[in-house]
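Please read them alongside the coordinates.

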Amino acid sequence: MRHAYSVETVRAAEKALMARLPDGALMQRAAAGLAVACGDLLRRNGRVYGSRVLLLVGSGDNGGDTLHAGARLARRGAGVRALLTSPDKVHRAGLAALLAAGGQVLDTPDGLGPVDLVVDGITGIGGRGGLRPEAAELVRAVTRGHAPVLAVDLPSGVEADTGQVLGAAVRADATVTFGTYKPGLLIDPAAEHAGALRLVDIGLTAQLPGRPDLEALQYADVAALLPEPDAESDKYRRGVVGVAAGSERYPGAAVLAVAGALHGGAGAVRYAGPGADAVIARFPETLVHPGPPSKAGRVQAWVVGPGLGDSSAAAGAVADVLAADVPVLVDADGLRLMDEGAVRSRTAATVLTPHAGEAAALLGVPREEVEAGRLAAVRELAARYRATVLLKGSTTLVADAADSPVRVNPTGTSWLATAGSGDVLSGLTGSLLAAGLAPRDAASVGAYLHGLAARRASDGAPVSAQDVAGALPAAWRDVRA
């Protein structure tokens with residue numbers, strides 16, 4: 001599990017650790033890890049000795065980490081030069097170390113010449129509101145070539161706590177962060193600026209609280225949560241998921257939601273709605289019923305919404321499902337048709353799976369506001385609807401009303417931006433609910449497998465929602481392996 005903590009929490013943990021260490025020891029730990037990461041990048045394209053490194057150095061500890069790392073590289077034979085964005089506020093000990101090791105300070109990027117590595121140490125986690133104009137121009141001037149850019153702790157200009165990008169910001173090829181991940185490294189749009197992530201252990205773990213602000217599941221976490229039948233299992237004990245989806249206009253939504261459900265671990269799928277013929281033609285094992293959902297038979301969870309349209313029958317199906325005393329996942333048209341009061345008053349679990357546009361409609365704000373502040377949006381939705389919310393997008397987030405750490409899915413891929421892929425995700429997640437997973441776990445595991453399946457099916461080529469559904473068994477095998 002990757003854990004991320006807010007700047008305030010990190011600062012408090014660093015303060016507590018520094019009180020137990022000799023003066024400057026924590027910075028030296030960070031600088032040592034940063035220098036190793038820089039060396040690894042340089043060796044990919046040659047070697048450290050004789051390489052040309054440019055440091056972009058701001059004020060405070062972030063600049064100090066950068067300067068001390070530069071001094072270590074200079075002692076290994078690299079040619080290290082530094083551009084100071086705030087010369088009057090530079091970390092004096094770090095600057096002295098760089099100069100003593102043979103590094104140089106430049107007044108301007110003019111005549112810089114070839115560079116093998118640019119190290120961004122301008123603001124780090126202390127920055128707010130984007131780069132100042134002069135710093136932004138400096139970044140543009142020195143990153144016009146092909147040299148890789150490595151950010152120190154966080155790309156300068158992005159918001160560490162929210163993942164927002166409120167102005168000009170560095171786009172790094174890699175980021176070396178210290179002690180723990182920061183939310184902005186895992187949430188778009190800021191995560192897009194971070195590149196490959198590397199965590200340097202500086203001894204901070206014991207000082208951090210047990211509850212992080214954000215967490216990201218890894219293979220082992222997902223494998224531990226996946227339902228697995230035992231010798232006593234039958235199709236009913238494994239869980240039966242109901243799917244109320246599709247319409248005469250959108251029968252494919254029913255087929256895709258059922259496809260996701262059948263590959264999602266449940267023992268059986270009941271379908272209720274007007275798309276029964278299309279579903280049976282593709283998946284004859286499905287138990288079908290014309291509806292309403294409450295007459296379709298016993299289920300352990302419901303999925304409602306994909307492709308329902310906006311008819312009175314569709315609204316009735318959503319209300320019928322929300323009245324059931326089992327976990328319910330609401331997606332797509334169901335999000336428009338559901339009654340907020342009915343959702344908030346439910347005693348069984350509810351999972352909502354909006355994309356940014358649907359989330360904006362539920363919150364009554366512009367779509368751009370949701371896309372720019374995904375973390376705030378998913379938290380507000382979970383609190384407002386007293387539900388678990390899976391906010392789909394370039395980084396899918398899962399939040400619940402219990403104020404647990406928000407989960408971010410690390411397997412997302414742009415190939416999922418295709419018609420019907422959300423229907424597959426709904427069916428998959430609903431089946432995990434029926435199999436007994438807690439709503440937060442079902443949503444997190446569903447998003448993880450969904451992204452993994454898309455990557456496996458795509459392999460760099462365009463894929464359809466059917467391709468993603470078909471690759472789900474392989475994604476399960478990948479995780480279990």
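1. Arg 140 is partly exposed, at a relative accessible area of 42% (partly exposed lies between buried, under 20%, and exposed, over 50%; 1.4 Å probe, protein chains only). Glu 137 is likewise partly exposed, at 38%.

2. The model is predicted: local features need pLDDT of at least 70, side-chain atom pairs count only at pLDDT 80 or more, and totals for chains, interfaces and linings use all residues. Residues are numbered from 1 along each chain as its sequence is written, and side-chain values use heavy atoms, with hydrogens and water left out.

3. Arg 140 forms a salt bridge with Glu 137, with closest N and O atoms 3.1 Å apart (a side-chain nitrogen of Lys or Arg within 4 Å of a carboxyl oxygen of Asp or Glu). The count of salt bridges comes to 18.

4. In helix α1 (residues 7-18), Glu 14 and Arg 11 are also three residues apart. Their salt bridge has its closest N and O atoms at 3.8 Å. Glu 14 is buried at 14%, whereas Arg 11 is partly exposed at 40%.

5. Arg 52 forms a salt bridge with Asp 116, at 3.1 Å between the closest N and O atoms. Arg 52 lies in strand β2 (residues 52-57) and Asp 116 in the loop between β4 (104-106) and β5 (117-121), so the pair ties together parts 64 residues apart in sequence.

Technical notes. Helices (H or I, at least four residues) and strands (E, at least two) are DSSP runs, numbered from the N terminus.
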